[in-house]
Amino acid sequence: MELALRIIGIITPVLIISAMGYAYARLQKPDMTWINRLSTDLLYPLLIYTAMASKDFNIRGFLPLIGGGILVLVGSGLIAWGAARLLDYNPRAFVPSMMFTNVANMGLPLTLLAFGPEMLPAAVALFMTFSLAHFTFGIRICAPDVSVKGILRGPMLWAMIGGVVSSLVGFTLPEWLASSTRLLGDAAIPLGLFTVGVGFASFKVERWSIGLVGAVLCPLSGLVVAWPLVRLLPLSPQLQGVLLLYAALPPAVMNYIFADRYQQEPGLVSAIVVVGNIASIFFVPLSLYLAF
């Protein structure tokens with residue numbers, strides 16, 4: 001009973017903030033373009049760099065976790081490719097939606113709520129891994145002929161590179177500067193949850209059956225790969241929990257944005273994203289149960 005109450009306490013703030021975003025969008029229909037731009041150009045880069053340039057972050061200590069995250073990505077992709085072939089789905093739309101999950105808007109706040117601020121650097125390490133893969137390899141899966149040079153101009157990438165270099169050379173920000181960047185970076189977490197709710201208000205689901213398949217396969221494929229890894233890799237119990245949580249996250253909204261941009265059946269992907277995030281009400285507690 002105590003474990004169930006703890007899990008409910010972790011997932012409830014996520015649902016409430018997302019529901020507030022959904023309700024606000026239904027009432028006001030806000031233009032979130034500049035908010036999303038602010039988050040990707042400033043807030044998330046500050047969050048990433050501040051966490052990685054802190055005294056608690058040592059990227060060498062997170063190498064087994066990063067390796068586990070890469071194996072979860074690859075394993076999920078292979079399972080999704082087999083499912084797409086079996087069910088006659090478009091793999092360029094289906095496979096990325098199974099591989100690349102909501103690591104920013106749900107992964108970071110859930111880590112904070114479930115494992116405390118001391119595990120935020122570990123979450124940032126996985127966020128970095130998944131994001132780099134999504135904006136390079138993920139785009140290539142969705143649109144093989146498109147150039148991915150745009151990511152080289154993105155502040156998120158340079159925040160990751162700067163954070164890795166700072167960690168390797170042992171550089172940390174002065175406390176007065178770290179406090180300032182941390183305040184702004186921390187705003188990305190609740191704002192991200194709010195924008196998830198806003199985004200759902202404008203989604204149109206066209207193919208519910210595919211949405212249900214994707215909603216189940218995405219977290220289960222991740223957990224099937226992650227479950228043996230947490231026993232094989234040299235991870236602390238808390239790091240095991242973070243890996244299991246990230247393995248069970250729902251598909252990222254960015255999958256729909258890429259599918260729409262590159263014309264890879266956005267209707268199919270929107271169904272997977274919407275139904276998958278609804279299903280996370282069950283699968284995220286399952287991952288937390290396995291973690292605890």
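Buried means under 20% relative accessible area, exposed over 50%, and partly exposed in between, with a 1.4 Å probe and protein chains only. The structure is a predicted model, in which local features need pLDDT of at least 70 and side-chain atom pairs count only at pLDDT 80 or more, while totals for chains, interfaces and linings use all residues. Residues are numbered from 1 along each chain as its sequence is written, and side-chain values use heavy atoms, with hydrogens and water left out.

**Exercise 1. Helix α3**

Task: State which residues of α3 are buried, and what covers them.

Solution. Helices are DSSP runs (H or I, at least four residues), numbered from the N terminus. Helix α3 comprises residues 63-87. Its buried residues are L65, I66, G68, G69, V72, L73, G75, S76, G77, A80, A83 and A84. The cover over these buried residues includes α4, α6, α10 (208-232) and α11 (237-247). Next, check the length: the expected span of a helix is 1.5 Å times one less than its number of residues. For the 25 residues of α3 this gives 36 Å, and the end C-alpha atoms are 36 Å apart, so the two values agree. After the helix comes D88, with a positive phi near 65°.

**Exercise 2. Helices α8 and α9**

Task: Determine how the axes of α8 and α9 are oriented to each other, and which residues make the contact.

Solution. Axes are lines fitted to C-alpha atoms, for helices over the stretch in contact, and angles run from 0 to 180 degrees between N-to-C directions. The axes of α8 (residues 175-186) and α9 come within 5 Å and cross at roughly 15°. The two helices are therefore roughly parallel, the term for angles under 35 degrees. Their contact is formed by L184, G185 and D186 of α8 together with A188, I189 and P190 of α9. These residues divide into four nonpolar, one polar and one charged. In this classification Ala, Val, Leu, Ile, Met, Phe, Trp, Tyr, Cys and Pro are nonpolar, Asp, Glu, Lys and Arg charged, and the others, Gly among them, polar.

**Exercise 3. Residues in loops**

Task: Decide whether K29, E265 and T101 are buried, partly exposed or exposed.

Solution. K29 lies in the loop between α1 (2-28) and α2 (33-52); its relative accessibility of 67% makes K29 exposed. E265 is in the loop between α12 (253-261) and α13 (266-291) and, at 31%, is partly exposed. K29 has a positive phi of about 50° although it is not a glycine, and E265 likewise has a positive phi of about 50° without being a glycine. T101, in the loop between α4 (91-99) and α5 (103-115), is buried at 7% relative accessibility. Not counting residues up to four places away in sequence, T101 touches F130, C218, Y246, L249, P250, P251 and A252.

Notes
Angles under 35 degrees count as roughly parallel, over 145 as roughly antiparallel, 65 to 115 as roughly perpendicular and the rest as oblique. Contact means heavy atoms within 4.5 Å.
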